[in-house]
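Visitor: I am new to this structure. Could you show it to me and take a few questions?

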Amino acid sequence: MTDALTSVRIDAPVDEIRHWINGRAVPSLSGAHRVGTDPATGGPGADVALGTADDVDAAVRAACDAAWAWRKIASADRARILWDIGRLIRRDLDELVGLEIRDTGKPLESARAEVRGAAEYFEFYAGLVNLPAGDIIDVVPTQHVYTLREPYGVVGVITPWNLPINQAARAAAPALAASNVIVVKPAETTSRTTTALARLATEAGIPDGVFNVVLGKGSEAGSALVEHPLIRKLVFTGSVAVGQSIGRVAADRILPLTLELGGKSANIVFEDADLDFAATEAVRAFTTNAGQVCSSGTRLLVQRSIHDEFVRAVVDATERLRVGEDFGPLITRDQYETVLSYFDIAQGEGATLVTGGDRPTADTLEDGFYVNPTIYTQVDNSMRIAREEIFGPVLVVIPFDTEDEAIAIANDSDFGLVGGVWTEDLSRTLRVSEAIEAGQIYVNTWSTAAVQTPFGGQKASGYGREKGIEALNHYTQLKSVTISLGPSRAVQAVE
Ligand code: NAD
C-alpha cells in the first residue's frame, strides 16, 4: 500500500489523474488520456486517463479477487477502516476541497460542506457494519430457518459531476460497509476527488482491489462497466436518458439497479407561511451549486394572494447574490450553452423574465461558464421550462389558488424527487406531504441533506434508496436457509 502511494506521488504530477486499480494509480492500458477544461476560467483542467473496456476489466477482476477476503474480514476491522477513511478525508480536507474546486469552480464553503459530508458517510456507515443481518423465522419445531443479508459482490458505481466526492462517498460507504467491493466511474469532467478518495481508502488499510476507480467517458468506460459480466449490482446517479439506457442493459442481465436521476421539484408556498424565510430558502433551493443539483427547487408554486409580494422578495434576494462567490460556474461549455438555450426557449414560450436571463459582465468571470440567476413568471406548467430539468440557476414561478390545485400542478411532472411545502398549518402540512409524489418532502425548509436520511426518487427520478440505514438494504441481497432438525413431512407446497 505504501508502494502504491509512493508511486502516485513520484510518477504522476498532481494534475495527472489516473485510474486507481488494485491499490495503485495506473494509466490507461491504451495510454489514452485527455486534458479537460477549467470551468471557472475556460483554461486547461486536469489531464485525465481515458479508460476502455480493458481498464474496466482489470478493475472488475481486481475487485473480484478481493471480494471474499473483504467479506470475511472481521466486522470491527471493516468498521475501523471505514472510520479511518473518514478521518483521512478530514485530515486532507483542504487538499480535497482544492481539488474539487479546480474541477468544478465551486465556492469554498460549498466544496467544504460536500467534502465534510463525504467524511460523514464513512463515519456513519462505519457504525453500521453489523447491521445487514438476517432474522430467525419460526416455522415448525422440526426446522430452523434463518435469513442472511449478503453482499452482492462487485458493485459498479457511476457518478455525475455535480457533487463528485460526496456522491462517490454516498455510494462507496454503504456498499463497503455491507461487504461489497466496488468499481467507481466518476464523470469524466470531475475525476480528481474520486481517485483521491480511493487513495485515502488504501492508506486507511482497505485491501487492494476493494475500492477501484476507472476514469473516462460514459460511452466507453461507463458502458463497459455496465456490461461487464462480473458486475452484480449497479448504482447510477445521473440523467434520465442515461439511466434509461443502463436500465435496458440491466433488464437483459437481471441486474439489480439503483437509479438516482433528475428532478423538477415543486416548492409550494401558501399564504400563511413565514414569507421572509420562505423567500430566502426558495432562492437557495434553485441557486445552490448554480442549480446543478438534482433536488433543486426549480418550480416555485405561489398562492395567488401573496404572489406579487412574494415574487418581489425572491427577486430581491436573488439579485443580492454574487455570482462567482455565492455559486460557481456551470460545469462545461456544453452545460452553459444548454442553459443559455433555455433562455431562448422561455422567451419563445412567452414567459416573463423578471431577473437574469444572461451572463454576468464582471471581468473576473469573463471566461468562465457563469450565468446569472434567472427567474420567470407568467409560467404555465405545460411549458418546457416548467417540465424539463435545466440544471442551471433558473426558477419558474407558477401561481395557484387552492391546495388541490397546488398539489395537481406539483404532481403534473414526469419527475418525483423533492417537494417543498411552506405553511404554518399542521393539517395542511400532513395532507400535502402525503399527496405530493416525491421521494423527499421538505416542510418550511429546503434540502437539509443529512447522511442519515434516506434519499431517492419516485417516477422518472429513479428507484432504490441511497443514504441512511435504508441504503444497506439496497447493497445486500437476501438468502433464507432452512435446516431440518429431524425427519418431518413437508409443511407447504414446494414453490
Ligand atoms: P449523465 O447521465 O450525463 O452522466 C452521469 C454519469 O454517467 C457520468 O459518469 C457519465 O460519464 C456516465 N455515463 C454517460 N453515458 C453513459 C453510458 N452510456 N453508460 C454508462 N455510463 C454513462 O449525467 P450528468 O450530466 O453527469 O449529471 C447530471 C444529471 O444527474 C442530472 O439529470 C441530475 O439531476 C442527475 N443527478 C441526480 C442525483 C440524484 O441523487 N438523484 C444527484 C446528482 C445528479
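Visitor: Is Ala113 buried, partly exposed or exposed?

Guide: A word first: this is a predicted model. Ala113 is found in helix H5. Buried needs under 20% relative accessible area, exposed needs over 50%, and partly exposed lies in between. Ala113 has 45% relative accessibility, so Ala113 counts as partly exposed.

Visitor: How many Å apart in space are Ala113 and Asn166, C-alpha to C-alpha?

Guide: In sequence, Ala113 and Asn166 are 53 residues apart. In space, C-alpha to C-alpha, the separation is 9.2 Å.

Visitor: Is Glu123 buried or exposed?

Guide: Glu123 is found in helix H5. The cut-off for buried is under 20% relative accessible area. Glu123 has 17%, so Glu123 is buried.

Visitor: Which residues does Glu123 contact, leaving aside neighbours within four places in sequence?

Guide: Contact means heavy atoms within 4.5 Å. With neighbours within four places left aside, the contacts of Glu123 are Trp83, Gly86 and Arg90.

Visitor: How far apart in space are Glu123 and Asn473?

Guide: Glu123 and Asn473 are 350 residues apart in sequence. From C-alpha to C-alpha, the distance in space is 18 Å.

Visitor: Let us step back to the chain. Why is the chain said to be as compact as a globular protein of that length?

Guide: The chain has 16 helices and 23 strands. For 495 residues, the globule rule gives 23 Å. The chain is close to that value, so it is as compact as a globular protein of that length, with a radius of gyration of 24 Å.

Visitor: What percentage of the residues in the chain is buried?

Guide: Buried means under 20% relative accessible area. The chain has 495 residues, and the buried share is 57%.

Visitor: What share of the contacts with a separation of 6 or more joins residues 24 or more positions apart?

Guide: This share counts contacts in the chain with a separation of 6 or more. Residues 24 or more positions apart account for 74%.

Visitor: What separates the centres of domain 1 and domain 2?

Guide: Domain 1 covers 3-261 + 461-479, and domain 2 covers 266-443. Taken over C-alpha atoms, their centres are separated by 31 Å.

Visitor: How many residues does each domain give to the contact?

Guide: Domain 1 gives 21 residues to the contact. From domain 2, the number is 22.

Visitor: Which element supplies the largest share of the lining of the largest pocket?

Guide: The largest pocket holds about 1000 Å³ of space. Its lining has 40 residues, and Arg284, Thr288, Val293, Ser447 and Ala449 lie nearest the centre. Helices H5, H6 and H10 and strand S20 each supply at least two of the lining residues. The largest share is eight residues, and they come from H5.

Visitor: How many charged residues are in that lining of the largest pocket?

Guide: The lining of the largest pocket has 18 nonpolar and 14 polar residues. The charged residues number eight.

Visitor: Which residues are closest to the centre of the second largest pocket?

Guide: The second largest pocket has a volume of about 810 Å³. It is lined by 34 residues. The closest to its centre are Trp161, Phe236, Gly238, Ser239 and Val242.

Visitor: Is Thr190 buried or exposed?

Guide: Thr190 lies in the loop between strand S9 and helix H7. Among the residues it touches are Asp103, Trp161 and Ile331. The relative accessibility of Thr190 is 0%, so Thr190 counts as buried.

Visitor: Is Gln378 buried or exposed?

Guide: Gln378 is found in the loop between strand S16 and helix H13. Gln378 also has a positive phi, about 55 degrees. Exposed needs over 50% relative accessible area. Gln378 has 55%, so Gln378 is exposed.

Methods:
Residues are numbered from 1 along each chain as its sequence is written. This is a predicted model: local features need pLDDT of at least 70, side-chain atom pairs count only at pLDDT 80 or more; totals for chains, interfaces and linings use all residues. Side-chain values use heavy atoms; hydrogens and water are left out. Helices (H or I, at least four residues) and strands (E, at least two) are DSSP runs, numbered from the N terminus. Buried means under 20% relative accessible area, exposed over 50%, partly exposed in between (1.4 Å probe, protein chains only). On a 1 Å grid over the protein atoms alone, a cavity is a set of points where a 1.4 Å probe fits but cannot get out, and a pocket is an open set with protein on both sides within 12 Å along at least five of seven lines; lining residues have an atom within 4 Å of a point. Grid points are joined across faces, edges and corners, and a volume is the space filled by probe spheres set on the points. Ala, Val, Leu, Ile, Met, Phe, Trp, Tyr, Cys and Pro count as nonpolar, Asp, Glu, Lys and Arg as charged, and the others, Gly among them, as polar. The radius of gyration is taken over C-alpha atoms; the globule rule is 2.2 Å times the number of residues to the power 0.38. Domain bounds come from an automatic or database domain assignment.
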